[in-house]
Structures are given as structure tokens and as C-alpha cells.
Amino acid sequence: LGSLRLLSRFLNGLRGLFIITSINPSLLGEYTIYFLYFFYFSCFEFGISYGLERDLPHYRGQNDKQAIENVANTGWSSFFSISLLSSICLAAVSFIVFGEWLLSLLLAGYLFTDKLYRAYDTNSRIYFQFRVNGTAELISAAVGFILVYIYLPRYGIYSIFACFIAGSIVGTMYLALHSPLKFKLEFQPGKTLKYIKKTLPLTTMYYSIAIFNNISLTIVALIWDKATLGYYAFAFRIFQICLAIFPFLVREVMRTRMYFLMAKEENKRFGFQELKFPMLIYGVITSLFWVVVYWWAKYAVFQFAPDYQSSVVVLNILLISLLPLGINKICSDYLCSRVFNKMMFVNCCWVIGIIFQITCIFFADRVLQNAFNIIPVIYVLGTFLIYFCIVGYAFQTGKKKGEF
């Protein structure tokens, strides 16, 4: 998984860098606003895919074929029907707000094709088909990057979403061929609501983490103009590229394995001590990466995107949070999957981090004349606030259980 996914994430990173260096700050701010609409409407899927990523490996570990069939039928049917409804709502709302039918169709089309790709992507990880999973992401990234490189300079920022749609469709076709979804389509609102209720605590965790990572960008979009948003978004998008390469990749590898082992090896110990070495290696890698970026970011931005030199300080500050964010994500999964009844605690920690950011950013914007470099500091402080809560509790739990 690592080599293929890292290569695909690298291509996605190049695609993102090409986008943000090819448009001026005002257009980047406008594109960021569109993407924030896409992000929040994607949350209306209610995290059903996360529930399936937990439940199907669990029943596979127990070798319960009937439970696998029941969960797959209800879960995937609910996922696709709600995703379609979310896409229609996004099209309607974006047309009301922006008055552009082409933009509305592109945003809705990207949302639905992305959900379609994510379904097959999740399914391949559930069945540990990591090479197929990595190849599909590589294909999707390559197609998206090539098309963006060709069409963005000619047709502007709207073409970005069309290129993303094409990449998602090609990746989905590959996954459907090598890792097909096996379920019976059914429409039973009662079962859908019951499954959503069952997965709600897990969904809250994943979406609270996602909102935590995007809330500062959202507030900046609300309180500042498009050009200033573009300067901040430049640094934040590079940070998100790094986030996709490091914490998200580590977490995706470990998550389904955790749920599978919990069911398959209930009598065997799989505790916090098993995570200490991966977290140590992750800490070393991200620390070295930060040093490299700190040395070379100013030079690289000056050469390839001179308009964004003022964003370098923001980028260096944001990258500090790679270390606590990765550890936070791993420990959150550990507490939610291995330690009974701790999901509420984890959710509360991430929600506190969101509230902390909102409060401090609005306060800084009112009190300070220039809060541009303060906002990333608030974000980093929020990650460390969660770090001391979640990681400290994970270590404490491990000691009580005699795991190290």
C-alpha cells in the first residue's frame, strides 16, 4: 500500500501545487469557497462508509457471512441513496448562492462521483486489497493531474471540477473491475435510520476531525475577502497535501486491521504497545520533513509562486501540527476500537478543539489589526490541546491494562 499510495499522493500533491500556483490569490480564494461547499455537503452522507469500514471487517473476523450480507445490503444501499440526495441538494444550494448552473452541476457531479469512488475505495480496504486500492488511487491521481494541467490554463477554475470528475470515474471503473461491491440494492428508510443511529458515534469522530481540520479555513472565508483567503488557502492547501501523505495514510493502513483483529483475536492481546513503534517512526519522519520544508519553502515559493511569499510563515507554522495530528488520529482509533465506551470522550476532545479554534480566531480578528499569522498558531495550539487529552488518556489506559 505504501509505495503506490505515496506515489499517488505525490501526484495529487503536484496537482494541488499546480492549481494553487496557476491562479492568482483572488481566484484561489474563490475556488476555496467552492471547495468548502463541497466539503460540508459531503458530510451529509452521515459517515455510513466509516460504519461499513468498521462493521464488515469485524464480521469478517468472526466469519459471520449472514451478518456481512445484511450489513452490506443496508449500508451500501443507504450510502448511495443519501449520496445522490446530497449531490442534488448541493446543486440546488450552489445555484441559489452563486447563480451559475454550470458550477452547480460540476460541484454536484464531483460530489457524487467522489462518493462512488470512495465506496469502492473503502470496499477494497475492507478486504485488504491494498495493491488494487493503491493502483486505483494512482490511476485517479494521474488522470486528474494530466487533465488539470491541460485544461486549467484554458478554461479556468470551473474546469478543475470536471477534471476531478473524470479522475474519479476512471478510478472507480478500475476498482469495480478488480474489487466489485457485493450487495443487493434496497430502499428501506427504517433500516437506513437504524444504521445511521448505530454508526453516529463513529461518524461524529471522523467528521469532527475533518471539521477541525477545515474550520480555520471556513472562518477565514467568512471574515476576510477572497484575496486574503487566497493567501491563507495557499499555505493551508500545501499543509493539507502533507496531511494526506502522512497522518491519513498511516491511519488508513491501521484502521481496518484494528477492527479485523479485534473480532478475530478477541482472546489475544492487541494493545497500545503495538502502536508505540509506528508512532515513533511517524514522529521522526514528520520532524525531518518539517526541517526540510523550513529550509527550502521560502526559496521554492519565491521561484514558483512569488505572489505567495507572505504565506511561507503560515505554512511553516501549520506544518508543526503534522506531528500531534498524526498521533491524535492513531490514538483516537485505538481508544474507539480497543477501549470500551471511550468514543464519547474522543468526540468531546475534537469538538473542544473546534470550539477552541472558533473562539480564538474570532477574538484575534477583533482584537488584532493583523491576525494573518496568528490563525495558524491557534490551529497548532488546538492540535496540541487535543494531543494532551487523547494521547495522555491512551497512555494512562495502556498502563492500567498492563500493556507496557
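The chain folds into 15 helices and 0 strands (DSSP runs numbered from the N terminus, at least four residues of H or I for a helix and at least two of E for a strand). Welcome to a predicted model, where local features need pLDDT of at least 70, side-chain atom pairs count only at pLDDT 80 or more, and totals for chains, interfaces and linings use all residues. Residues are numbered from 1 along each chain as its sequence is written, and side-chain values use heavy atoms, without hydrogens or water.

Let's start with confidence: pLDDT is the predictor's confidence in each residue, from 0 to 100. Its mean over the chain is 81, with 88% of residues at 70 or more.

| Helix | Residues | Mean pLDDT |
|---|---|---|
| H7 (highest) | 158-178 | 91 |
| H10 (lowest) | 247-264 | 56 |

Of the 404 residues, 54% are buried (under 20% relative accessible area with a 1.4 Å probe, protein chains only). Among contacts (heavy atoms within 4.5 Å) between residues at least 6 apart in sequence, 85% join residues at least 24 apart.

Now for the largest pocket, which holds about 650 Å³ of space. Closest to its centre, among 26 lining residues, are Leu-17, Ile-238, Val-293, Ala-300 and Leu-315. Helices H1 (2-22), H9 (226-245), H11 (273-304) and H12 (312-319) each supply at least two lining residues, and H11 gives the largest share, 9 residues.

Methods: 1 Å grid on protein atoms, 1.4 Å probe; cavity = no way out; pocket = protein on both sides within 12 Å on 5 of 7 lines; lining within 4 Å. Points joined across faces, edges and corners; volume = space filled by probe spheres on them. Buried < 20%, exposed > 50% of the residue type's maximum accessible area, 1.4 Å probe, protein only.
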